[in-house]
Amino acid sequence: MLSCHKIPRRAPIYILRRLRSPLCRFLSTAIDTSTSKPFYITTPIFYPNAAPHIGHLYSLVTADIFARFTRISEPDRQVHFLTGTDEHGLKIQKAAKDRGIEPSVLCDALSEQFRRLGTRANISNTVFLRTTEERHREAVEHVWRDLAAQDLIYKGTYSGWYSISDECFYTDSQITHPPSSLTPISIETGSAVEWSSESNYKFRLSSFRERLLDYYTTNPKSIYPSAHRERLIQTLKDEPLDDLSISRPRERLSWGIPVPGDMSHTMYVWFDALTVYLTGVGFPSERQGSLWPPNIQVIGKDIVRFHALYLPAMLIAMGMPLSHTLLAHAHWTAQQRKMSKSIGNVADPFDAMDTWGVDAVRFYMARVGGRFRDDVDWSLEQLEKHADEIRSLLGNFFLRITSRTIQKRVASAPQLTFVQLLDHTLDGPNGDVLSSLRNLKGRVEQHMEKFEVGDALDAIILVLREANGALTHTAPWSTQNPPEAAKESYLLSLEVLRVTGICLQPFIPEAAHNLLNALGVPKTERTMDFATVGKGNVGEVKGMKLFEGKREMASGGQ
């Protein structure tokens, strides 16, 4: 049963596994859903063959919203939040060669840009992990040896289509030959592929088809949005699951982790990269630790197959629980086209945050991209529109209610607290605002439980919009209205700001922090429990700038 104020938990789910060992052991793997388990959330680890783009920021912000929401929903629960960079593979090797530098030098420089992106965007990750770290190498080698000991890895010959861009092999059914392209491309990603034939090591992925099918059939919340899970189930029903190539000859790929016991082969970059989620919790020394499994893994929709098939099969083989939910978000496009360096339509996340401010960009991403189902278009006009929306509904609302004119009128009214005000019946627009505010906490929690980030934010904005309208209607600054009416509007507006300020912390953390400080809300009263109307306190109200100022765009900016 899901609790409405917590990120999803489920009853234990068991997977029956038949391992390819001499004794054909049968074991069961349970998803740990105990309330004491720390909350573990991950982003994809980013491939630093080029500078960060808007898509990377989208993954980071999405994961950060859930991490921060968990902290204010369950303040006694530890949150473990992993991000990082995936630094091995042919793309890195080629990019470094083209620049005339060592791959490690390139990775050091670009990985630092991704670390800087997280810092600039106010991302609250607790771990930043690079796959070139020694602790990760130890984890990957342990996984390889574990699978090899079960006869799940064997040496064979692979012939098929390979994409350098995707670092991925494709079957004939996964590629197409478009008339406009000289080379075949991947149906899933649109990346060019080339025919490759080589000797390598393979993982017996085909052995796990039935178990994976059974798992996704019986666990409707394993992937969100559900359309990805439905497609995956159909694929597992209709198509064979081929064994997975997990190495490449060293002469072709030298930048990576060597296969244990065979220095002539390098581990396949995805086999290496997927293990990072284990490395991040101390695997293998903490194999039975309390952090595993991930509660949410935020990924892009183009890498569902790797996280929904390859990683789960590896985990089942090792007797480890599977992730609770894969949150596979859609992509940001530009003028309805995929962002591409060759087209020149890649949006720079640093420039966007420097121009409009971090919270404005985070708000735009959550408001427009927080439903995850369909690709959304990155538009500077829409970014400015939504930045102005939150500055007006929150920032200007705060300035209006704390103006000297209203303060003077309120000071002349009889002494009254908000708790005392609740004993009265509020009519008209103020009554409507109070009714909406009472329901806000529950609505936000229910939407977040269902991964509906955009809808949760919409609920908050609806209350702010209604409160702004009520303030205009009641006009507490007007001398034509009695001081008692001004006091009522003032107290109600402060409560709206307090409650919405608490709810907005995961989305626009700096502005929400500034607001709660300006309202004198104690730090111990900033959890979702205090988003109940009348439960928390407003202290000494101080004027404060909530948002970063907008920088003027350079001439010719689009």
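Student: Why is D359 called buried?
Tutor: The relative accessibility of D359 is 6%. Buried means under 20% relative accessible area, exposed over 50% and partly exposed in between, with a 1.4 Å probe and protein chains only, so D359 at 6% counts as buried. This is a predicted model, in which local features need pLDDT of at least 70 and side-chain atom pairs count only at pLDDT 80 or more, while totals for chains, interfaces and linings use all residues. Residues are numbered from 1 along each chain as its sequence is written, and side-chain values use heavy atoms, with hydrogens and water left out.

Student: Where is D359 found, and which residues does D359 touch?
Tutor: D359 is found in helix α11; helices (H or I, at least four residues) and strands (E, at least two) are DSSP runs, numbered from the N terminus. Contact means heavy atoms within 4.5 Å. Leaving out residues up to four places away in sequence, D359 touches I508, P509, E510, A511, F547 and E548. The C-alpha atoms of D359 and A121 are separated by 8.0 Å, and these two residues are 238 residues apart along the chain.

Student: What makes α11 and α12 roughly perpendicular to each other?
Tutor: Helix α11 (residues 358-369) packs with helix α12 (residues 380-401) at an angle of about 105°, and their axes are 9 Å apart. The axes are lines fitted to C-alpha atoms, for helices over the stretch in contact, and angles run from 0 to 180 degrees between N-to-C directions. Under 35 degrees counts as roughly parallel, over 145 as roughly antiparallel, 65 to 115 as roughly perpendicular and the rest as oblique. The angle of about 105° therefore makes α11 and α12 roughly perpendicular.

Student: Which residues make that contact, and how many are nonpolar, polar and charged?
Tutor: From α11 come A360, V361, F363, Y364, R367 and V368, and from α12 come Q382, L383, H386, A387, E389, I390 and R391. By class the contact has 8 nonpolar, 2 polar and 3 charged residues. Ala, Val, Leu, Ile, Met, Phe, Trp, Tyr, Cys and Pro count as nonpolar, Asp, Glu, Lys and Arg as charged, and the others, Gly among them, as polar.

Student: Where does α9 have a kink?
Tutor: The kink is at L311, shortly before the proline P312, and amounts to about 25°. The bend at a residue is the angle between axes fitted to the seven residues ending there and the seven starting there. Just after α9, G319 has a positive phi of about 75°.

Student: Why is α9 described as largely enclosed by the rest of the structure?
Tutor: 14 of the 14 residues of α9 are buried, so the description follows from that count.

Student: Why does R498 count as buried?
Tutor: R498 has a relative accessible area of 1%, so it is buried. R498 is found in helix α17 (residues 483-503). Among the residues that R498 touches are L516, L519, F530, K535 and N537, with those up to four places away in sequence not counted.

Student: Why is H447 called buried?
Tutor: The relative accessible area of H447 is 17%, so H447 is buried. H447 lies in helix α15 (residues 428-449) and touches E452, D455 and A456, not counting residues up to four places away in sequence.

Student: Are N122 and F451 buried or partly exposed?
Tutor: N122 has a relative accessible area of 26%, so it is partly exposed. F451, at 5%, is buried.
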